[in-house]
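Please read the following report alongside the sequence and the coordinates.

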Amino acid sequence: MQKEMEMAKQSLSHLALSDEGFLFDPTSGHTYTLNSVGTFILKHMIEEYSFDQIIAAMIKVYDVPKDVLCRDLEQFFHFLSEQGIITPQDPGINGL
Amino acid sequence: MNNKTLNIAVSGLNATDNPGPGVAVIRSIRESPEFDGIITGLAFDPLDPGIYMRGICDNVFLMPYPSQGADHILERIKEIHSKIQLDVIIPTLDSELDAYLRIKGELEKLGIKSFLPFAEGLKVRSKVYFERLREIGITVPRGESITSITSIYELDQKFRFPVMIKGQFYEAYIAHSPMEAENYFRKISAKWGLPVVVQEFVFGQEYDVMALGDGQGGLIGSVPMKKIQLTEKGKAWGGITINDKTMNRCVRDIIAKLKWRGPCELEIIKSRDTGDYYLIEINPRFPAWCYLSVGAGQNLPWAAVKLAMNMPVSELAPCSIGTMFLRNSVDHIYPISKYQAIMTSGELTGNNE
């Protein structure tokens, strides 16, 4: 997961994400609407927060156990990967 | 630009749900702060909406259809030129280009300039020769021209279904089986003649790029776009500019290898399986959505006018990303006198007065 975050850090600075959660990927031309949690996470990813830093930031805002946050974050990464927004990783490398 | 006001003739004034590029080209030219002159519309049909739209054409003349031959087109242009001197002609339809290439020399003698693709460029972009682009290192789907139904039942030895079945000039269908391919072969060959082109189907995301080449391998500008709204025929009704660096390199490479001259629209698919970029079609003229180039900061139609006028044009700054266009349908009201004029005399002058 940490590796995936490193990859994501390199490839997300081009994304256009509004405070309201409207996401435009200028490479593919696709647009998405994210909910407030997705917007929160992606904003931090664009700002190059690490996985642990995002979890720490979420704990301050959301009243949710850490293991649930970790699971949700991983699911969100899968979603981003499926949509081609972050580069899919070799499962053998990142253990997903 | 210069002290002389220009008279620029533009064809393709059809502006229905499958519009010609003429109106968009004219709007682009008029938006240039450097433009000082008038626009002469060349229409094929008295009901082409671009004839009547306010602020588009100053004068309009009916033209013979390209199928009537280059000589007829030349005679008509001479007639128009004797009434209102033309400086530049921008033909915007594929079907006109052969004729204009034939009469290019005559037009130049009359002082009418243009910036047309090279004949060789037109040849290699045709669907029949398209596969040969692989020989110069351009990635295109595998293809084959076929002239008989027998060949269809041998396709599964060379291609994996589905395949694209394309007319040599127009129309394309996806065939999922030899039976379906036979059906499309019959339909297309009856309409567009032989050969019919079979092309490997590439699964992936399609993009369109409008580009302007200087004819020496240089790229004056390019505007890549993803369609975000389609008509029933699959034509763009809305789109947004994008910035895919790999695709941009691919476009620059294509224009350089072909030494493309003039405007074109490249249809490109990014393969879902390999991530490779396949050129699937080159349309040798501005697309109907070319007004997007103005919105995105690259007025390519105006750049084409300047190239036609032998003015130096440098490569334009990259277009702005995330610029969107949406078409609409609105009814306009016109006096019958304009329709009468174009019907009876084949011309409408002082249209914007």
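## Chain A in outline

Read from the N terminus, the elements of chain A follow the order α-β-β-β-α-α-α-α, which amounts to 5 helices and 3 strands; helices here are DSSP runs of H or I with at least four residues and strands are runs of E with at least two, both numbered from the N terminus. This is a predicted model in which local features need pLDDT of at least 70 and side-chain atom pairs count only at pLDDT 80 or more, while totals for chains, interfaces and linings use all residues. Residues are numbered from 1 along each chain as its sequence is written, chains are lettered from A and ligands numbered from 1 in the order in which they are written, and side-chain values use heavy atoms, with hydrogens and water left out.

Of the 96 residues in chain A, 44% are buried, where buried means under 20% relative accessible area, exposed means over 50%, and partly exposed lies in between (1.4 Å probe, protein chains only). Chain A exposes about 5300 Å², and carbon and sulfur atoms supply 52% of that area; accessible areas come from the Shrake-Rupley method with a 1.4 Å probe, and for residues only the protein chains shown count as cover. Among the contacts in chain A between residues at least 6 apart in sequence, 52% join residues at least 24 apart, a contact being heavy atoms within 4.5 Å.

## Sheets and hairpins in chain B

Chain B holds an open sheet of 5 strands in the order 4-1-2-3-15, with mixed pairing; two strands pair if DSSP finds at least two bridges between them. Strand 4 (88-90) and strand 15 (347-348) of chain B stand at the edges with a single partner strand each, so one side of each has no neighbour in the sheet. Within this sheet, strand 2 (residues 37-43) and strand 3 (residues 59-62) of chain B pair in the parallel sense over 4 bridges, and B:Gly41 stands opposite B:Val60 in strand 3 of chain B. Helix 9 (residues 300-308) of chain B lies across strand 1 (6-11) and strand 4 of chain B, running at about 120 degrees to strand 1 of chain B; axes are lines fitted to C-alpha atoms, for helices over the stretch in contact, and angles run from 0 to 180 degrees between N-to-C directions.

Strand 9 and strand 10 of chain B pair in the antiparallel sense over 6 bridges, with B:Ser222 in strand 10 of chain B as the bridge partner of B:Ala211. These two strands form a hairpin with 4 residues between them, and B:Gly215 in the turn has a positive phi of about 90 degrees. Strand 10 of chain B also pairs with strand 11 (residues 236-241) of chain B in the antiparallel sense, over 5 bridges, and B:Leu230 stands opposite B:Ala236 in strand 11 of chain B. Here the hairpin has 5 residues between its strands, and B:Gly234 in the turn has a positive phi of about 85 degrees.

## Salt bridges

| B:Lys104 | B:Glu108 | 3.6 Å |

B:Arg252 is partly exposed, with a relative accessible area of 39%, and B:Glu315 is partly exposed at 47% relative accessibility. Salt bridges that share partners also join B:Asp94, B:Arg125, B:Glu265 and B:Arg285 into one network.

## A nonpolar patch

B:Leu47, B:Ile336, B:Tyr339 and B:Met343 make a nonpolar surface patch of about 420 Å²; patches are made of residues with over 30% relative accessible area and no salt bridge, like charges being joined within 9 Å and nonpolar side chains (Val, Leu, Ile, Met, Phe, Trp, Tyr) within 5 Å. B:Tyr339 lies in helix 10 (residues 336-345) of chain B and counts as partly exposed at 30% relative accessibility.

Technical notes
A salt bridge is a side-chain nitrogen of Lys or Arg within 4 Å of a carboxyl oxygen of Asp or Glu.
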